[in-house]
Amino acid sequence: AQIIKSPAVDKNAFMPNSVFYESNEYKITDFDDKSFNYIQINSIVFSEDSNILTMNRSFSFSPIKSITFPASLVEFKEGWFEGLKNLTQISISPLN
């Protein structure tokens, strides 16, 4: 599953490895390039069993201060940090 847009996300967001929709489980594998652009997020943490492989511009121009990446992450796409002026803490899973 790909996250397209999530305007109602909590300020301190947790990204699970899957979502349920109509009694079906869908593994989150990707984010749209603009899924969280300009959304008021302070921090984001991915689940340790996340399926996210790449980080794109999903969080561009949001006021995010801290982000914790999962062990599954293997690539940062060009411009992934665009407009993240408040980002002061980046953590990467020690399992990566």
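Start by selecting E75: at 34% relative accessibility this residue counts as partly exposed, a label for anything between buried (under 20% relative accessible area) and exposed (over 50%), computed with a 1.4 Å probe on protein chains only. You are looking at a predicted model, in which local features need pLDDT of at least 70, side-chain atom pairs count only at pLDDT 80 or more, and totals for chains, interfaces and linings use all residues. Residues are numbered from 1 along each chain as its sequence is written, and side-chain values use heavy atoms, with hydrogens and water left out.

**Stop 1: the salt bridges**

The term stands for a side-chain nitrogen of Lys or Arg within 4 Å of a carboxyl oxygen of Asp or Glu. K77 is partly exposed, with a relative accessible area of 36%.

How many salt bridges are there by this rule? The count comes to two. For the other pair, select R57 and E82, whose side chains meet at 3.3 Å, N to O. R57 lies in the loop between β7 (54–55) and β8 (66–69), and E82 in the loop between β9 (75–76) and β10 (89–92), so this pair ties together parts that are 25 residues apart in sequence. Strand labels such as these are DSSP runs numbered from the N terminus: strands (E) need at least two residues, and helices (H or I) at least four. R57 is partly exposed at 34% relative accessibility, and E82 is partly exposed at 33%.

**Stop 2: the aromatic cluster**

Now show the rings of F31, F36, F46, F59, F69, F76, W80 and F81, which ring pairs link into a cluster. Rings of Phe, Tyr and Trp (its six-membered ring) pair if their centres lie within 6.5 Å; planes under 30 degrees apart count as stacked, over 60 as edge-to-face and the rest as tilted. By this rule there are ten aromatic pairs.

Zoom in on one of them, F69 with W80: the pair is edge-to-face, 5.5 Å centre to centre, with 80° between the planes. F69 lies in strand β8 and W80 in the loop between β9 and β10, so the pair ties together parts that are eleven residues apart in sequence. Are these two residues buried or exposed? Both F69 and W80 are buried.

**Stop 3: the nonpolar core**

Next, select M15, F36, I44, F46, F59 and I67. These are the residues with the most contacts inside the largest nonpolar core, which has 21 residues. A nonpolar core here is a set of buried Ala, Val, Leu, Ile, Met, Phe, Trp, Tyr and Cys residues joined through side-chain atoms within 4.5 Å. Which elements give two or more residues to this core? They are β2 (12–15), β6 (43–46) and β8.

Centre the view on I67. Leaving aside neighbours within four places in sequence, I67 is in contact (heavy atoms within 4.5 Å) with I44, F46, F59, L87, Q89, I90 and S91.

Then move to S43, in strand β6. This serine counts as buried at 15% relative accessibility. Not counting residues up to four places away in sequence, S43 touches K11, N12, A13, I64 and S66.

**Stop 4: the surface**

Y21 lies in strand β3 (residues 18–21) and is exposed at 51% relative accessibility.

**Stop 5: two backbone angles and a loop**

Select E22, in the loop between β3 and β4 (24–27). Although not a glycine, E22 has a positive phi of about 50°, and at 62% relative accessibility this residue is exposed. Y38 also deserves a click: found in the loop between β5 (30–31) and β6, this non-glycine residue has a positive phi of about 65°. Y38 is exposed, with a relative accessible area of 56%.

Finish at T29, in the loop between β4 and β5. T29 is partly exposed at 42% relative accessibility. Setting aside residues up to four places away in sequence, T29 touches A1, N51, I52 and L53. To try the distance tool, pick the C-alpha atoms of T29 and K65: they are 36 residues apart along the chain and separated by 23 Å.
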